Amino acid sequence: MGAVPSTPRHTSSTAETAEYLIGTFVGEKSFPLASDFWQKLLELPPTLRWDPQRVQQACELFALNHHRTRHLAKILIHLSWCLQEAIRASGAPSPIYLKAINAVYISSVFLKYIIGNTHSDTIEELCLSLHENEPVPKDFKTDQKIENLVMHNVLTFLGSIDVSPTTSLLHQELLNFMLVAMSTQLLSGPTPGPKDVNPFLDAAMSQESLLVNLVVRRLLLNYIMRPRLPSNGTAAYSIFSEESQPGVLQRVGSAAANLVLLPFNYLVSSNSEGSRSQLADCSLHVLLILIHYHKCVASDGSITDRSDDSATSDTVSKVNTYFTVNPYSKALENARDIEFDRADLEGNAQNGPAVRLPFASLFDTLGMCLADETAVLLLYSLLQGNSDFLEYVLVRTDLDTLLMPILETLYSASRMTSNQIYMLLIILLILSQDSSFNASIHKMMLPGVPWYKEHLLHQTSLGSLMVIILIRTVQYNLSKLRDVYLHTTCLATLANMAPHVHRLSAYASQRLVSLFYMLSRKYNKLVELRDDKLQTKTISTADGLVEDMSAELQIYTDFLRIVLEILNAILTYALPRNPEVVYAIMHRQEVFQPFRNHPRFAELLENIYNVLDFFNSRMDAQRMDGEWSVEKVLMFIINNCRSWRGDGMKMFTQLHFSYEQESHPEEFFIPYVWQLVLSRCGFSFNADAINLFHVDLHANKQIYYEEPNMNQNGESIEHRGQLEP
């Protein structure tokens, strides 16, 4: 039984041998771990292809037989052994790496088919164990979990072996294997529960912290360094090749798009997102899946030690659930700059070794790639979780490196998903929580903004551009998305910036006053509609509608008040430095008049009219030869700003909004990350099997997602964060 299967009679070519070996692998006969069959299978040369239909047949046959042969478990064990050999022989000749590549590639193809076509909530079809009477080598521990064994070796290779021309292809294939192994998440519902089964992800989470740190560091360095796969390597063996190109066992994989990963050359974009790298993109996808994974655990007893305070109790079973700590998320949160470590400087030793990264290179890479949503999500994860990286960003003198691509993307909001828009706005909100950031962006002058088409922006400050884009986003949201949380985030960021505004441009000042006018029109329309309904409604039929309209009216009342507080903050704390704001208010002072006696706005408008009275009275008292021109009015305001003392102005507490991630961010981030991965890496998956998010089925059941599922009513945003003034 342990012997190598005899090659077919009349075989005279390597292709026939390979076909026989693969056919034997997927067939009914079981070969023990120690059989020479496995060595023959893994030593296949990198020059053969299969017809796509044969690939489908092979996978279907394998699914029928592997529960009896346990060949999936055995190929995973051999993959582990190959990786151990490759790690010991780092920098060794290519045959060692070829065996490992064959092992990981065969494993990926058939594991992916089994996961995507499973019929069990517990994924029993994976059969990640050997039969009890299975003969094994003496040094093999039969009590170890195979998923733990393979993930430990995959992660050890990724974390400890440098990427080089010799190793880069194996690195790439292992990252692809990680995506396949972690795709069990797609089978679970949108809310993680204790019954979810993700054996490979759980195995990754159980690794020791030192290895976790090495893996996080390597994935981020891959993203920063953006290594290229050698052209000769991809031509010889790769799932990234087109069908017309050769590739070892490529016939099992990339020949059929509905069975395995699409060619990654598909990723090359026409956008100027910096140099695209298969390794960099795949590293980021794997990292995002790892850091946002949350394992839900059930416990019959009371839970006193858990990673958050969000334990819930089932009313029937009385079982508490809680989320375990994610070591990859913690490693990212504790990452430190390789050039400067505050803890070392202050003599406060870290609790164990931390991930050390070149923050400068990471900053530059993110700035280059922010047109891609995955880069936006990484930047958000770093700013929200890693205080050292946030501090590093805030002290950079070239903030335009990050802000300009963010603002340009928001300018093109109509081509973006609502999720992408919101993540960008949250990043701006996080940055605006720092007063030094708000001050510095107004000191950085931009010679021009060529992508802004509605108005010529010449010698405009970065702060003024940010105000313009935030207001433009509100305007777009008002007409298209009508997302309350998006409005709130924009206004919260503007409120944080207001006390620090310095020399706001004429155009930005005009847009700020126009923002009040836009919201007031929406407010007045809601008032009219509500009053009409109140006059015409029957006793019961319209009660709910009127209640909904009243709630929406309350929301826009709050928005108008925030805009008035923004104007008040500029006039109270920075009027002498912002003559253009005064001019814009004077020029459109009629828009404030209808709200002068409104109970929610009266005290705020009192300050605005105090300013108007000051400048209007002085203009009336000044004799002019001819008409008041724009230039003369502005010069008059600049001259009189010097004598402004703020007498009679009421001082209000400065608004300060902060972003706080909600207690269950996984309900948004896990589906969102997988939607991004599916749309960007060419990773296909059986649409019928996906439960993680809603899928619109097309004629082809194996689909590729071109953009995440859109939520137009703001519900998804509730899962992401809350604003706290």
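This report describes salt bridges in a predicted model.

The structure contains 19 salt bridges in total.

Aspartate 388 and arginine 336 form a salt bridge in which the closest N and O atoms are 3.5 Å apart. Aspartate 388 belongs to helix H16, residues 387-395, while arginine 336 belongs to strand S4, residues 336-337; the pair therefore ties together parts that are 52 residues apart in sequence. Aspartate 388 has a relative accessibility of 11% and so counts as buried, since buried means under 20% relative accessible area. Arginine 336 is likewise buried, its relative accessible area being 11%.

Two further pairs involve partly exposed residues. Arginine 530 and aspartate 531 meet through their side chains in a salt bridge, with an N to O distance of 3.4 Å. Aspartate 531 is partly exposed at 30% relative accessibility, and arginine 530 is partly exposed at 24%. In the other pair, the side chains of glutamate 590 and arginine 588 meet at 3.6 Å, N to O. Glutamate 590 has a relative accessible area of 47% and is partly exposed; arginine 588, at 22% relative accessibility, is also partly exposed.

| Salt bridge | N to O distance |
|---|---|
| Aspartate 388 and arginine 336 | 3.5 Å |
| Aspartate 531 and arginine 530 | 3.4 Å |
| Arginine 588 and glutamate 590 | 3.6 Å |

Salt bridges also occur as a network in this model, linking Asp364, Arg396 and Asp398.

Key
Residues are numbered from 1 along each chain as its sequence is written. This is a predicted model: local features need pLDDT of at least 70, side-chain atom pairs count only at pLDDT 80 or more; totals for chains, interfaces and linings use all residues. Side-chain values use heavy atoms; hydrogens and water are left out. A salt bridge is a side-chain nitrogen of Lys or Arg within 4 Å of a carboxyl oxygen of Asp or Glu. Helices (H or I, at least four residues) and strands (E, at least two) are DSSP runs, numbered from the N terminus. Buried means under 20% relative accessible area, exposed over 50%, partly exposed in between (1.4 Å probe, protein chains only).
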